Amino acid sequence: MKYISVLGATGSIGTQTFEVVRSHPEEFRITSFSFGSNIRIGKELIEEFQPKFVSVATKETAEELKRTIQHPCLVYYGEEGLLEVASDPDSTILVNAVMGSIGLIPTLAAIDEGKTIALANKETLVTAGHIVMDRARRNQVDILPVDSEHSAIYQCLNGEKKEEMSKMILTASGGSFRDKSRQDLQGVTVKEALNHPNWSMGSKITIDSATMMNKGLEVIEAHWFFDTPYDDIEVVLHRESVIHSMVEFLDGSIIAHLGTPDMKVPIQYALTHPERLDVQGGKRLNLVDIGTLHFEKMDTKRFPCLAYAFEAGRTGGTMPTVLNAANEAAVDAFLKGMISFLEIEKCIESAMNRHEVIRKPSLDEIYEVDRTTRHFVQTLNV
Ligand code: NDP
Ligand code: MG
């Protein structure tokens, strides 16, 4: 039996994590979880999984939740509540599926407790990859990728020598606007941007997919996960999302990971590694039906956010923190209808241009840069 805590329980990855747990009750048990403000789903999960305690975003939500639930569990709130869940002494695995760099401190707390981390929250590694990976190494803690590309690479490298890898190739579906020119992107709506062709995901990551920032964040995530130089990371456009990513070796051989676009597969793999279980209700790939796969060069003029991410990653220090914080603030403003789609990338570019990089930032310096960058973007007159 594996005992699991979940951050971001009511989200896209969170609810799919509960589906995995629900379909293998003999393998997994939920001990605690957190969510933001979705009391409806949160309450259902509490009654079904009967955790010892939960955490929500605010005191008000905590009060309301306490009045609604029948199962007697403690209800914490705020950042302290996230820390309670991350360091739950009864769990051995933390699934971090909260959205945004708010997931950083809980990740570090879980590492300090020696828990295995199943990491969906990519902003954690983008913002403070050097601190997270160093702390995990020192505590001999495994961080297992939930993101499908990184799970694919992890599996491609299984049993291989990392030193014999010549490059990793991340695939990108192209997001909701892959067939639109930059001209066409003027004036696209939030609703159009939220309509992803292949994957069903939370709203922030769906917008990140449309701007290609999601792939940019994944490049930085891959750099930290696999300790790979940016020159050895390539991104190709692959519309079908059948190949989730690939690794090329010194002899030119390429190992690819194929699968259906179903996040339950990488979530479950992170929970069962090194074993595998069936994915209930999971579809199988029918290669004959698929017939043909397509690959195209990524055009960084069309998708400048990918170029910004490579630049931030190569610059290092606090620049990835700025990239991430500016993106979070800009996507939030777009989702609220305050800026246009193309202004997202302008916000990120402006924030990066004005930033003076701190080379080896401490956690406090990362926080300060994260905070000032968000403030800059919020007040930016784009
Ligand atoms: P969602 O927006 O669907 O879910 C986010 C979760 O975080 C919700 O449970 C939400 O609670 C909670 N949350 C948000 N803000 C707070 C807060 N201030 N305090 C406490 N909880 C909060 O996101 P996704 O599931 O799509 O993504 C989660 C992470 O996984 C992201 O980092 C994303 O990049 C990554 N990821 C997602 C993939 C996907 O397929 N969705 C694929 C690969 C990576 P509530 O809704 O109750 O307010
Ligand atoms: Mg991904």
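Predicted model: local features only at pLDDT ≥ 70, side-chain atom pairs only at ≥ 80, totals over all residues.
Local features are reported only at pLDDT of at least 70 and side-chain atom pairs only at pLDDT 80 or more, whereas totals for chains, interfaces and linings use all residues. Residues are numbered from 1 along each chain as its sequence is written, and chains are lettered from A and ligands numbered from 1 in the order in which they are written.

The unreviewed UniProt entry lists a "binding site" that includes T10, G36, N38 and N121; UniProt positions follow the numbering used here, feature names are shortened, and annotations may be inferred rather than shown by experiment. T10 lies in the loop between β1 (2-7) and α1 (12-23), where helices (H or I, at least four residues) and strands (E, at least two) are DSSP runs numbered from the N terminus. T10 counts as buried because 23 C-beta neighbours lie inside 10 Å; a residue is buried with 20 or more other C-beta atoms within 10 Å of its own, exposed with 12 or fewer, and partly exposed in between, C-beta atoms being placed from the backbone. Beyond four places in sequence, T10 is in contact (C-beta atoms, placed from the backbone, within 7 Å) with T15, F35, G36, N38, I41 and G42.

N121 occupies the loop between β6 (116-119) and α6 (122-138) and is buried, with 28 other C-beta atoms within 10 Å.

In helix α2 (residues 39-49), G42, L45, I46 and F49 are buried. These residues lie on the same side of α2 because they cover an arc of only 100 degrees around the axis, the arc being that of the directions from the helix axis to the C-beta atoms. Their cover includes α1, β2 (28-34), β3 (53-56) and α3 (59-68).

Terms used:
Contact = placed C-beta atoms within 7 Å.
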